[in-house]
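Let's take a walk through a protein model together.

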Amino acid sequence: MEIKIIGTGSFVPEHAVTNDDLAAIVDTSDEWIRTRTGIRERRISEGEGTSRMAAEAAKRALENAGIKAEELDMILLGTSTPDCCFPSGACEVQAEIGAVNAAAYDLSAACSGFIFALNTAYSFLAAGLYRTILVIGADCLSKIVDWSDRSTCVLFGDGAGAAVVRAEEGDGGRFHMLMGSDGQRGPVLACTSRTVGNFRTGTKPQLGYMTMDGQEVFKFAVKKVPEIIEQVTEEAGVSLEDVRWFILHQANYRISESIAKRLKVSMDRIPMNIESYGNTSAATVPVLLDEMNRQGKLKKGDLLVLAGFGGGLTWGATLFTWQMG
Ligand code: COA
């Protein structure tokens, strides 16, 4: 049994918001944002919700894979900003693309959402339960960002990325994964919207903004990500040198540099696109994967490691052989 990605797609909103645009609404500067994060601009939704963006990315992934939506057995959407409590974003994508044979549901692991969804898809495929799964990471963080809080609003953007994963006869390729969570440290990175409507007291559901202890998240990321990359490569029986690309969650250029330093891996093997999109949460990894696929940078047989971290706290890594091309 061979489990492989057979197509990728992505979508980001048209509307670009530059650092200078943000400096007009909060006390910040292009220089501060660029030097502390590597971000120059981000795409912000002008109405496209998470499901719309996810559906666009999905259509592009299906087209890239050359398959019809009816062939999908499952749709897994990693998101922490669904447009509503239910129906799930995955069900909305299903309706939009016409994937009538798919079971569809969302999975909530914040910025680790795509990696958790990909690993979950792999488990279903490896168990022989399904043949073709659409995995999506999509977030519209602009909906929950406090646009008057300079310590968070400059970091994030909106977007969606998708991959079609299929199980086929064959013996080529590796696939190893790991995931972890630490609920005790949840408050470090949280969104305080609460479904606290109460019949007896008449309390209404509360909307809240994202809150973050930036330095704690930074410290967590630069320690945890190198650890999980070392662990997943060790468990797969390969060395870091065998890995062609480390496709990491795009949270901060300095976080990726620090990870590279700890692993003693050159930044040449850690592609970045944070400059153009900021942190799009669950979308960063699949958007970057799709860009690299479309730019022809991924060669058949390349060993890839995807790794991410985020609210929860959550973290995950996936090591696999690129089989397209
Ligand atoms: N513009 C200008 N100044 C800013 C600012 C902004 N947008 N945001 C914060 N500052 C100020 C702070 O108020 C502070 O001022 P003070 O020294 O007068 O108190 C100063 O800059 C330094 O703040 P600090 O928090 O120490 O900066 P930092 O170097 O740690 O960078 C982050 C802040 C948020 C960029 C960094 O901690 C980070 O990237 N953390 C990880 C966040 C993340 O990735 N979250 C999502 C994970 S999925």
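Predicted model: local features only at pLDDT ≥ 70, side-chain atom pairs only at ≥ 80, totals over all residues.

If you search the whole structure for aromatic pairs, you find 5. Let's pick out Phe175 and Phe320. In general, you describe a pair of aromatic rings by how far apart the centres are and by the angle of the planes. For Phe175 and Phe320, the ring centres are 5.9 Å apart and the planes are at 25°, so this pair counts as stacked; the cut-off for that is under 30 degrees.

Now look at where these two come from. Phe175 belongs to strand β8 (residues 175-181), while Phe320 belongs to strand β13 (residues 314-321).

Find Trp315: the charged end of Lys224 sits over its ring, 4.2 Å from the centre. Over at Trp245, the charged end of Arg244 sits over the ring, 4.0 Å from its centre.

Last stop: the ligand. It is surrounded by 23 residues, and the closest are Thr28, Arg36, Gly214, Gln215 and Asn252. The side chain of Asn252 has an N or O atom 2.7 Å from an oxygen atom of the ligand. Arg150 uses its backbone instead: an N or O atom there lies 2.9 Å from a ligand nitrogen atom. How much of the ligand's accessible area does the protein cover? The protein covers 72% of the 960 Å² that the ligand has on its own.

Methods: Residues numbered from 1 in each chain as written. Heavy atoms only, no water. Phe/Tyr/Trp six-rings, centres within 6.5 Å; stacked < 30°, edge-to-face > 60°. Helix = DSSP H or I, 4+ residues; strand = E, 2+ residues; numbered from the N terminus. Lys NZ or Arg CZ within 6 Å of the ring centre and 35° of its normal. Near = heavy atom within 4 Å. Polar contact = N/O pair within 3.5 Å; in protein donor to acceptor, adjacent residues only side chain to side chain. Areas by Shrake-Rupley, 256 points an atom, 1.4 Å probe, with all protein chains shown as cover.
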